Amino acid sequence: LDDFNDSEIEYMKSYILTQFISKRPKAIILDFSMVQIMDSFFSRILLELSLAVRLLGSQLIMVNLPNAVIMTLIELGITFPLEIAAIDVDTAIQRTK
């Protein structure tokens, strides 16, 4: 998934928000195990998604963040206040209970 283009990333955000609004889950878990790199656009979209989910009363849980992605987020100064990062999907599911 390191070859997502900007329109696909924007579509992902719109799709997730549409599904979120119709289903109203307690949390959204995003698995980044297939993401090799994250550019500034992808990072900004992820931050926007995180803020939207928070405003709608839920939480975004990010799992399996590769070190390169974590370093990119740090270098870009992008933080996700009050968001949860988990090591794996099972741990993320436990945190939603």
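A salt bridge is a side-chain nitrogen of Lys or Arg within 4 Å of a carboxyl oxygen of Asp or Glu. Keep that cut-off in mind for the second stop.

This is a predicted model, in which local features need pLDDT of at least 70 and side-chain atom pairs count only at pLDDT 80 or more, while totals for chains, interfaces and linings use all residues. Residues are numbered from 1 along each chain as its sequence is written, and side-chain values use heavy atoms, with hydrogens and water left out.

**Stop 1: the whole chain**

Show the chain as a cartoon. There are four helices and three strands; helices (H or I, at least four residues) and strands (E, at least two) are DSSP runs, numbered from the N terminus. Followed along the sequence, the pattern is α-β-α-β-α-β-α. The radius of gyration is 13 Å, close to the 13 Å that the globule rule gives for 97 residues, so the chain is as compact as a globular protein of that length. That radius is taken over C-alpha atoms, and the rule is 2.2 Å times the number of residues to the power 0.38. Along the principal axes, the C-alpha atoms fill a box of roughly 30 × 25 × 20 Å.

Accessible areas come from the Shrake-Rupley method with a 1.4 Å probe, and for residues only the protein chains shown count as cover. Of the 97 residues, 39% are buried. Here buried means under 20% relative accessible area, exposed means over 50%, and partly exposed lies in between (1.4 Å probe, protein chains only).

**Stop 2: the salt bridges**

How many salt bridges does a search of the whole structure find? It finds three. Select Glu10, Lys13, Arg44 and Glu48, which are linked in a network of salt bridges.

Start with Glu10 and Lys13, whose closest N and O atoms are 3.3 Å apart in their salt bridge. The two are three residues apart in helix H1, so about one helical turn separates them. Is Lys13 buried or exposed? Lys13 is buried, because its relative accessibility is 14%. Glu10 is partly exposed, at 30%.

Leaving out residues up to four places away in sequence, Lys13 touches Ile45, Glu48 and Leu49; a contact means heavy atoms within 4.5 Å.

Finish with Glu48 and Arg44, joined by a salt bridge of 2.5 Å, N to O. Both lie in helix H2, four residues apart, about one turn of the helix. Glu48 counts as partly exposed at 30% relative accessibility, and Arg44 does too at 39%.

**Stop 3: the nonpolar core**

Hide the surface and select Ile28, Leu30, Phe32, Met38, Phe42, Leu46 and Met62. These have the most contacts inside the largest nonpolar core, which has 24 residues. A nonpolar core is a set of buried Ala, Val, Leu, Ile, Met, Phe, Trp, Tyr and Cys residues joined through side-chain atoms within 4.5 Å. Two or more residues come from each of helix H1 (6–23), strand E1 (27–31), helix H2 (40–55), strand E2 (59–63) and H3. Helix H2 gives the largest share, seven residues.

Centre the view on Phe42. Apart from neighbours within four places in sequence, Phe42 is in contact with Phe4, Ile9, Met12, Phe32, Val35 and Ile37. Then select Ala27, Ile61, Ala86 and Ala92, which are among the six residues of a second, separate core.

**Stop 4: a patch on the surface**

Bring the surface back and select Ile70, Met71 and Ile74. They form a nonpolar patch with about 260 Å² of accessible area together. Patches are made of residues with over 30% relative accessible area and no salt bridge: like charges are joined within 9 Å, and nonpolar side chains (Val, Leu, Ile, Met, Phe, Trp, Tyr) within 5 Å. Ile74 sits in helix H3 (residues 67–75) and is exposed, with a relative accessible area of 55%.
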